[in-house]
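Biologist: I am new to this one. Show me the model, and let me ask how each label was reached.
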Amino acid sequence: MTLIYEIRRNPLLAFVPAVLVIHAVAPSTHTLLFVLSVLAIVPLAATLSRATEAVAARTGDAVGGLLNATLGNLTELVIALAALRAGQYMLVKASIAGAIVTNSLFMLGASFLLGGLRHHIQEFNRSGARLQASLLFLATIALLVPSAVGDADAVSADRFTTQVSVGLAGLLMLAYALGLWFSLGTHRDVFVSAAPHGDDSTAWPLGLALGTLAVVTLLVALVSEVFVASAQQAADTFGMTPAFVGFIVVALVGAAAEMASAFAGARKNRLDLSVSIALGSAVQIALFVAPVLVLLSHVMGPRPMDLQFWPGAVVMMLIAALTASLVTSSGRSAWFVGVLVLMVYLIFAMTLYLLPPRVT
Amino acid sequence: MTLIYEIRRNPLLAFVPAVLVIHAVAPSTHTLLFVLSVLAIVPLAATLSRATEAVAARTGDAVGGLLNATLGNLTELVIALAALRAGQYMLVKASIAGAIVTNSLFMLGASFLLGGLRHHIQEFNRSGARLQASLLFLATIALLVPSAVGDADAVSADRFTTQVSVGLAGLLMLAYALGLWFSLGTHRDVFVSAAPHGDDSTAWPLGLALGTLAVVTLLVALVSEVFVASAQQAADTFGMTPAFVGFIVVALVGAAAEMASAFAGARKNRLDLSVSIALGSAVQIALFVAPVLVLLSHVMGPRPMDLQFWPGAVVMMLIAALTASLVTSSGRSAWFVGVLVLMVYLIFAMTLYLLPPRVT
Amino acid sequence: MTLIYEIRRNPLLAFVPAVLVIHAVAPSTHTLLFVLSVLAIVPLAATLSRATEAVAARTGDAVGGLLNATLGNLTELVIALAALRAGQYMLVKASIAGAIVTNSLFMLGASFLLGGLRHHIQEFNRSGARLQASLLFLATIALLVPSAVGDADAVSADRFTTQVSVGLAGLLMLAYALGLWFSLGTHRDVFVSAAPHGDDSTAWPLGLALGTLAVVTLLVALVSEVFVASAQQAADTFGMTPAFVGFIVVALVGAAAEMASAFAGARKNRLDLSVSIALGSAVQIALFVAPVLVLLSHVMGPRPMDLQFWPGAVVMMLIAALTASLVTSSGRSAWFVGVLVLMVYLIFAMTLYLLPPRVT
């Protein structure tokens, strides 16, 4: 019943079965599939946003934000696993780096801008933001060290990089687990929300909200896979470089669901929720999804995947972490802060768009 | 009448016509012209400082600081345009990087030190400082990315660098314009001064103050051009490297006018004015003068100028932006903060002084 | 009498004469000497900690912390001087870089963790921490610039590096002296302790405390020399790389004495003392021990030593300074902050442990 209501409210959801059927019938119509899958992900993201808000309304911003980031990143994990099985490690790494940069710059910056256009000055709990920014900073240091310290000769360097990557994967997952224990366990009191809660009209029962969350996330994953399969060929048609597609296009569409929630939170002056989704999502990809992929590559992949990124990607992740850390340290925001963060993202996007194909 | 009074008060102003006459009569007496032009710029800077303070006293610290930075950087723009027409792009870039580093390290550090020698602890509006430091940080990221991301083969890299530079120039100017709209428009209330205003004895009428400001700025520009033309040969006589002359000597003399104002503000416990002049000037060169030069090089220069700097210059600008951001984040200062910032500058100056000529 | 009491309380002190005797009798039993010297340094460190706390109890946290760092780093200086005379500049530099990283990451992080396991939230005077972090940041910039700016051809680069190193040594020592004048002289009022003092049971007379401090420091120096002489061969036996021994093992054992004091302070909720010891010690090595070694190398060494470090070491020192600066800027701590800082240290330690021997 709610499902029917949801479809009526959101007629674009009709693109979801359309994409899946056309993909099964005519899998080589790449440009069509690309456009249809984007059109299908947008309404799914909106539904997901409403379901997440309904759950968040019953569990508090921190848990709601965590839940959102977890389910939202399922998309990235499913996409990356498909690429992993095919041994396309460059694509896996580009989508990891791109997701970190997109979440911590575009999603955060656009939240600040959209919220700031409605509210003069917005405040948020900086303890939560500081924790997430610190974890993100730790992850970028972890990804920086193998390239900065070890640039030895070919043979031993290969073994060194594989060993270091497994060790880093373990340390990052440990840090992530301890961070959850800290923020949800021993120091829960520090991470309460700073902003007043608006009374949400969405009063779904918890069971329905959770069920919708699960089903819609699955649909997002299915459609996203079609999207990724068609993205590269469609990109060639539109004249985009592979670096731009991996970093920007895949990351933007992959995070569409979380963005809808983050932007809605920002406009309702619940910036805690926005910051928690944006940075929490970047942190989860860096400290959970990436390590899991490294470990799974030893089981599923044709050969072990390491954590050594293209230097330009390391620089971008480092700048993204530093920028997120600087702009959230005061716990206050205005529209121009959003502009600054988006500018950094635009500089990256433009550089990748113009980059000659051979570099990455 | 005021002009006569000004000349009596400031007899060194007599060097101004001297420099212009000797330059016209005997343009090859480089060492003499170098010494005379420095002696002429100092009193012009002092007069400019008084005129700017008179205007600032009537318009508030923020507008006064902006005015000062705008007119002060006219010098740098005029110098750079002359070099641009001659196709001396290395000199243009060295003077841009040197002006950013000198303003955000030497001018800021010396203001903190001079103010701190008189006042135990000084406070200033950190919202303004944070905005300027953020803009400076954005500019250094913009200048870092082309070198960090794109180091491909010769032919396509050239085209890539030119395209990226035009794009960056556009983004930086947009950020600058939005920053002005933010600080003078929508969020003017946030940027009010924190320090108490001293009652200035300079009570010039606004028209006279503005007129003096314009005339003196023009004279500074004329003398500065003589200074630059003679600087390189005179530097050889004194045994300085080209890198040292471009980065340090040109930048120090070019910013003399703004320094007089910034130091006077610091000693009068109006550190808002000092920080606003120092960082505002660095920001304006990075986000306004440099982009304008890139765009004008497509019209005036023998070939397009790009924004790819020598790696050492990028590192120095990045450290300068980071240092300025760290020391202004608390909104408080004491003499030792000035010492620290000046130490960073001294490290750069010493390294450039000792650098073998071939490196840059 | 107190000495006898101290020996009874601390029976491991019997290893001190054992190490010195066996070193004189059988100097080639490296693995035995390595184990014995570690066992001897631990109780010496404990006694030193008690004596220092007795002095600190009478002089205030700042002076006590300074005293501790000075005497603790005597060990590092003595070790480095022995290596300097032998011309082993790689070992000197590795121990300098390792001491900076170990003090500012391991000692600080473990203090935060140990203190945080007992106290929910701990506060400390952030003025002191900020001063130390700034000085450390300055030192890493100084060590970064020669490698970042000057990478010219062999002959002139050598002379350039030697000249720059002497200049940097002078600037760093000047900054250190001015920093002491600032914190103990003109702005003493800013650096008072934030945490309440526990009443210490250690009420030694000042003369006895100072005498014990001196004697025990000397014994630490003697035993440390045996430790270093045996460390490399013992490390080979245990399968460690030279980089790991120089950076991690030497630095951890060399700083054992200060760590005992820092950890005791953290558990007694006197985090001011811990932060002052950890960062003060790193600062003293960077701004005092390293410059002294450069200057002494012109007198004592076979050839002048420069300040150009292996790039990986520079990156680690820079990240350590940045991390210390970020985590101390708020003046508050909880156990997870300690975990984060220790994670950065673990990433470095693991990378160095796995590094193929040829790289450093």
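Modeller: This is a predicted model. Ask away.

Biologist: Why is B:Asn269 called partly exposed?

Modeller: Its relative accessible area is 22%. Buried means under 20%, and exposed means over 50%. B:Asn269 falls in between, so it is partly exposed.

Biologist: Where is B:Asn269 found?

Modeller: In chain B, in the loop between helix H10 (256-267) and helix H11 (271-297). The phi of B:Asn269 is near 65°, a positive value in a residue other than glycine.

Biologist: What makes A:Asn269 count as partly exposed?

Modeller: A:Asn269 has 22% relative accessibility. The buried label needs a value under 20%, so A:Asn269 counts as partly exposed. A:Asn269 lies in the loop between helices H10 and H11 of chain A, and its phi is near 65°.

Biologist: How many aromatic pairs are there over all chains?

Modeller: The count comes to 18.

Biologist: Why is the pair of A:Trp335 and A:Phe336 called edge-to-face?

Modeller: The ring centres are 5.8 Å apart, and the limit for a pair is 6.5 Å. The planes stand at 85°.

Biologist: Are A:Trp335 and A:Phe336 buried or exposed?

Modeller: A:Trp335 has a relative accessible area of 7%, and A:Phe336 has 1% relative accessibility. Under 20% means buried, so both labels follow. C:Trp335 and C:Phe336 are buried too.

Biologist: What rotation superposes chain A on chain C?

Modeller: A rotation of 120°, with 0.0 Å of shift along its axis and an RMSD of 0.0 Å. That is the relation of a three-fold axis.

Technical notes. Residues are numbered from 1 along each chain as its sequence is written. Chains are lettered from A and ligands numbered from 1 in the order in which they are written. This is a predicted model: local features need pLDDT of at least 70, side-chain atom pairs count only at pLDDT 80 or more; totals for chains, interfaces and linings use all residues. Side-chain values use heavy atoms; hydrogens and water are left out. Copies are superposed by least squares on the C-alpha atoms of residues with pLDDT of at least 70 in both. Helices (H or I, at least four residues) and strands (E, at least two) are DSSP runs, numbered from the N terminus. Buried means under 20% relative accessible area, exposed over 50%, partly exposed in between (1.4 Å probe, protein chains only). Rings of Phe, Tyr and Trp (its six-membered ring) pair if their centres lie within 6.5 Å; planes under 30 degrees apart count as stacked, over 60 as edge-to-face and the rest as tilted.
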